[in-house]
Amino acid sequence: MVQIKEFRIIMPMSMEEYEIGLSYTIMKMEQQNTNGKEGVEVLQQVPFEDEKLGEGQFTSKVYHLQSKIPSWMKGFASASSLAVHEDSWSAYPKSRTVIKCPLFSKCSLTIDTVIRPDNGCSENAHNLNSQQLAEREVEIVDIASVSRDYWSKVITAPKVDLTTFKSQRTDRGPLLNGWMDSCRPVMTIYKLVIMDAPIWGLGERLEDCLIAGERALFLACHRMCFAWIDEWYGMTMEQIREMERHTDLLLKKTLKKAAKPGSKHEGKRKSLKDEIAVVGSCT
C-alpha cells in the first residue's frame, strides 16, 4: 500500500537565507556523521536541466550508516548490504529526491519539496489530485519540539533548546509557544513523502519505519539549520559551493573510498526523466 505523507516545516527565516542555511547544515551534519567506518559518500554533483524543475544541481550520495539500522531490519541481511542510495535534483525552491536500497529493489521512496514564503497555510502546494489529497496525511513539524523516538535518538546532532536559543547576529529567537504564527520573516518547506514497499509480510512495517526516519531527519536538520544561523548568516552561494567541493574531498578521504576513475558515476549526469518514469505514477 502506497503511503503519502506531507510534512510542513516552518522556519524563522527568508527563502533566500534558507537556501544558504540548508546547504551549510547538510555539509556540517555529514561531516559529523562520517568516520573511518561509516558515513556519507558523495558520488557526484553536477548541473542539470529539466523541463519541469528547470535548472539546478544533481547530487548522488551513498549513506553507509550501518550502526543506525534498526535491529529487526538487520535480521534480513547484513548491515553492510543496507547502504542507502540517494539521488537528488535540486532546482531551488523545488526539488525531488529518490532514495533506494539495493536489498529492497521493489521499494520506492520519493520526496518532492516545494518551498513557499508562508507559515504552512498552503493546502495543496504540490498540486495533488483529489484522490491523492484524500490519501495524504499532513503533519506540521515544529522545530522547537523534541522527539524521543528511535530515529531521533540515533541521528547524531548536537542538543539545543530552541525555546531558549537567541541568535546574536539576527536577533531571532527564542521560539516560544505560537512562534509560527507571529515570527517574521517566515517560510515553509512542504515535503511530500511517498513510500511504497510491496513486500508481503514486511511492507507496511518498512514503510512506517522509513517515513518515521525521514521525519526525524527533517526535524534534526532544520533544528540545526536555525541553531547554526550565526555560523552561516551572510554567506554567499559561491562560498557554499566552494565549501561543498572541499567537503566532498574530506568525506571521501575520511571514508577511505576515493572515487574510482571510469566508474559509472563519473561524468555521467543522471536523468530526472528516468526516475519520473519509474516513480511518477505515485505523484
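Is Glu137 buried, exposed or partly exposed? Glu137 comes out as partly exposed, with a relative accessible area of 46%; here buried means under 20% relative accessible area, exposed over 50%, and partly exposed in between (1.4 Å probe, protein chains only).

A few ground rules before we go on. You're looking at a predicted model, where local features need pLDDT of at least 70, side-chain atom pairs count only at pLDDT 80 or more, and totals for chains, interfaces and linings use all residues. Residues are numbered from 1 along each chain as its sequence is written, and side-chain values use heavy atoms, with hydrogens and water left out.

Now back to Glu137. Its salt-bridge partner is Lys5, with the closest N and O atoms 3.5 Å apart; a salt bridge is a side-chain nitrogen of Lys or Arg within 4 Å of a carboxyl oxygen of Asp or Glu. The two sit 132 residues apart, so to speak in distant parts of the chain: Lys5 in strand S1 (residues 3–11) and Glu137 in strand S7 (residues 137–141). Helices (H or I, at least four residues) and strands (E, at least two) are DSSP runs, numbered from the N terminus. Lys5 itself is buried, at 15%.

Next, look at Lys61 and Glu30, whose side chains meet at 2.4 Å, N to O. Lys61 is buried at 8%, and Glu30 is buried at 7%.

Lys166 and Asp171 form another salt bridge, at 3.1 Å. Lys166 is partly exposed at 37%, while Asp171 is exposed at 53%. Elsewhere, shared partners join Lys5, Glu137, Glu139 and Arg215 into one salt-bridge network.
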